[in-house]
Amino acid sequence: ASTTNINFNFESIAELASFYSEWTKLTLLNSLTVCFVETDENNTKLNLAFLTPLLRNLPCLGKFYFANETGSLDRLKNPIDFALLWQAFTHLGTTLKTVYVEIPVISLENFEDSRHPEFVALQKCGLCGNISGDGNLPNLFRLFHRELAHEGKNSQLEVESLLIGSKDSFFSIFQELIHLPRGMNLSI
């Protein structure tokens, strides 16, 4: 049987549920770096399923770096759903300042604006990899607090390789870039 249809629910395993609950005690944790090296093509979903409950249990966090190296596997398979990863951060809106994700393929397909409120503290976000779902790129702009520029702080968004889906979406992105929030530095 294929493992791609299995729903990995690590929180249902008693030992892992206990492990995740220990992370709630890390009230002084400021920075977290998590790196995975995949040896199997199903590891991408497995890694994300393991990581998201851990992030949801962190009481505060200022900086997060996530790398998922695929080794010799086909680098264009198994994109990480950025919306699933970002949902694990929703309780960190007042503390999370920097997010950097380095993964061969990142999907913004499910990253809809209405489900992701702006983060008051967010100043830097970097996505390193081939990014699909170009129509939802503007939703990344809206994560940053609009008042940062008024406070004399700039926000930075780095998008390494944006894959454009169509000619229409290409022009739509340019229209959004014209209305880029004040104080935002964007590099694509």
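**View 1. Arg 142 and Glu 176 form a salt bridge, with their closest N and O atoms 3.6 Å apart.** A salt bridge here is a side-chain nitrogen of Lys or Arg within 4 Å of a carboxyl oxygen of Asp or Glu. This pair links distant parts of the chain, 34 residues apart: Arg 142 sits in the loop between helix 4 (137-141) and strand 6 (155-162), and Glu 176 belongs to helix 5 (residues 167-178). Helices (H or I, at least four residues) and strands (E, at least two) are DSSP runs, numbered from the N terminus. Arg 142 is partly exposed at 27% relative accessible area, and Glu 176 is partly exposed at 25%. Buried means under 20% relative accessible area, exposed over 50%, and partly exposed in between (1.4 Å probe, protein chains only).

A word on the model: it is predicted, so local features need pLDDT of at least 70 and side-chain atom pairs count only at pLDDT 80 or more, while totals for chains, interfaces and linings use all residues. Residues are numbered from 1 along each chain as its sequence is written, and side-chain values use heavy atoms, leaving out hydrogens and water.

View 2. Lys 25 counts as exposed, at 53% relative accessibility, whereas Glu 22 is partly exposed at 41%. The structure holds two salt bridges. Side chains of opposite charge can pair when their charged atoms come close.

**View 3. Tyr 20 and Phe 50 belong to one aromatic cluster.** Among the other members of this cluster are Trp 23, Phe 36 and Trp 86. Rings of Phe, Tyr and Trp (its six-membered ring) pair if their centres lie within 6.5 Å; planes under 30 degrees apart count as stacked, over 60 as edge-to-face and the rest as tilted. By this rule the structure has 15 aromatic pairs. The Tyr 20 and Phe 50 rings have centres 5.9 Å apart and planes at 50°, so this pair is tilted. Tyr 20 lies in helix 1 (residues 14-22) and Phe 50 in helix 2 (residues 43-56), so the pair ties together parts 30 residues apart in sequence. Is Tyr 20 buried or exposed? Tyr 20 is buried, at 1% relative accessibility, while Phe 50 is partly exposed at 26%.

**View 4. Phe 82 and Phe 111 are both in the aromatic cluster.** Phe 82 is buried, with a relative accessible area of 0%, and Phe 111 is buried at 0%.
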